[in-house]
Amino acid sequence: MNTKPRKSKRMEAALRRMFGLMAARYGPTGWWPGDSAFEIAVGAILTQNTAWTNVEKAIANLDRAGLLDPAALLAATPEELEAAMRPSGYYRQKAQRVRLFCEYLRDRHNGVMEGMAVTPTETLRAELLALNGIGPETADDILLYACGRPVFVVDAYTRRILSRHGVAPFETPYETLRAMFEVNLGPDTELFREFHGLIVWTGKDFCRSRPQCRGCPLAPLLK
DNA sequence: GACCAGGCACATC
DNA sequence: GATGTGCATGGT
């Protein structure tokens with residue numbers, strides 16, 4: 001990865017200032033919600049290109065059906081999975097993707113999320129990325145929030161916020177942005193979790209595709 | 001009723 | 001390598 005950014009005092013200061021401004025507005029977000037590592041991993045797949053409110057409905061359906069467990073989920077029929085996941089959209093794809101993830105857990109990590117603990121982060125990341133339906137953002141959601149690894153999650157809100165405030169162009173490659181945060185701020189799992197949570201919250205309030213910059217906690221960055 | 005949402009894989013050029 | 005398209009529900 002020769003595009004890996006160097007550590008820079010200037011960039012570190014810019015990122016920490018962003019964090020401070022958002023934290024002062026929102027306080028601790030406690031992101032990601034979920035009662036178990038498995039629930040977080042499932043949520044990471046269900047939220048692909050989908051509003052979180054729709055994901056919540058699907059997760060509630062899975063919970064009611066007793067399917068927030070890898071073995072139980074593998075025992076369910078595709079129709080049961082699709083019915084439960086329907087509110088989150090793309091439900092046929094997502095039912096298949098969640099099932100593939102469970103098969104991977106079963107075959108590679110003893111069928112439980114805790115089984116991943118003995119595998120190095122870079123190995124885990126490569127394994128997740130090799131699964132059909134798990135791309136960089138989903139893999140990093142799982143690594144950071146379900147596995148506690150110090151990996152920074154880059155999403156659409158991250159790109160919008162960075163580009164609108166002149167920190168990095170929107171089209172900067174995923175790995176370059178991820179390394180930019182990790183090199184300058186990390187490794188620090190708790191900071192990465194909270195930083196991404198704050199980006200999501202700020203993004204939802206002020207940085208959707210139609211910008212509503214009035215009142216944005218990051219407005220001072222533009223001065 | 002149009003537009004949008006925290007992606008990803010695949011086809012085509 | 002860049003660009004386009006399908007996937008699908010629910011909120012604004």
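Helices here are DSSP runs of H or I with at least four residues, strands are E runs of at least two, and both are numbered from the N terminus. The peptide bond between Gly186 and Pro187 is cis, with omega about 0°. This is a predicted model, in which local features need pLDDT of at least 70, side-chain atom pairs count only at pLDDT 80 or more, and totals for chains, interfaces and linings use all residues. Residues are numbered from 1 along each chain as its sequence is written, and chains are lettered from A and ligands numbered from 1 in the order in which they are written.

Next, go to Trp32, in the loop between α1 (9-26) and α2 (37-46). The bond from Trp31 to Trp32 is also cis, with omega near 25°. Most residues other than glycine have a negative phi, and most peptide bonds are trans.

Two residues to check for phi come next. Tyr90 is in the loop between α5 (78-85) and α6, and has a positive phi of about 45° without being a glycine. Asn110, in the loop between α6 and α7 (121-130), has a positive phi of about 65° and is not a glycine either. Asn110 is partly exposed, with 13 other C-beta atoms within 10 Å.

Now show DNA strand C. Which residues surround DNA strand C? They are Asn49, Thr50, Ala51, Thr53, Asn54, Arg86, Pro87, Gly89, Tyr90, Tyr91, Arg92 and Gln93, where near means a C-beta atom, placed from the backbone, within 6 Å of the strand. The elements giving two or more residues to this surface are α3 (52-64) and α6 (91-108). The most come from α6, with three residues. By class the surface has four nonpolar, six polar and two charged residues; Ala, Val, Leu, Ile, Met, Phe, Trp, Tyr, Cys and Pro count as nonpolar, Asp, Glu, Lys and Arg as charged, and the others, Gly among them, as polar.

Switch to DNA strand B, which 26 residues surround, the closest being Gln48, Asn49, Gly135, Thr138 and Ser209. At least two residues each come from α8 (136-146), α9 and α11, and α8 has the largest share, four residues. This surface divides into eleven nonpolar, ten polar and five charged residues.

Select α9 (residues 156-164) and α11 (residues 189-206) together: they pack at an angle of about 75°, with axes 9 Å apart. Axes are lines fitted to C-alpha atoms over the stretch in contact, and angles run from 0 to 180 degrees between N-to-C directions. The angle therefore makes α9 roughly perpendicular to α11 (65 to 115 degrees; under 35 is roughly parallel, over 145 roughly antiparallel, the rest oblique). Tyr157, Thr158, Arg160 and Ile161 of α9 meet Ile199, Val200, Thr202 and Gly203 of α11, a contact being C-beta atoms, placed from the backbone, within 7 Å.

Finally, zoom out to chain A, with eleven helices and zero strands. The C-alpha trace spans about 55 × 35 × 30 Å along its principal axes. Of the 223 residues of chain A, 32% count as buried.

Terms used. Contact = placed C-beta atoms within 7 Å. Buried ≥ 20, exposed ≤ 12 C-beta atoms within 10 Å, placed from the backbone.
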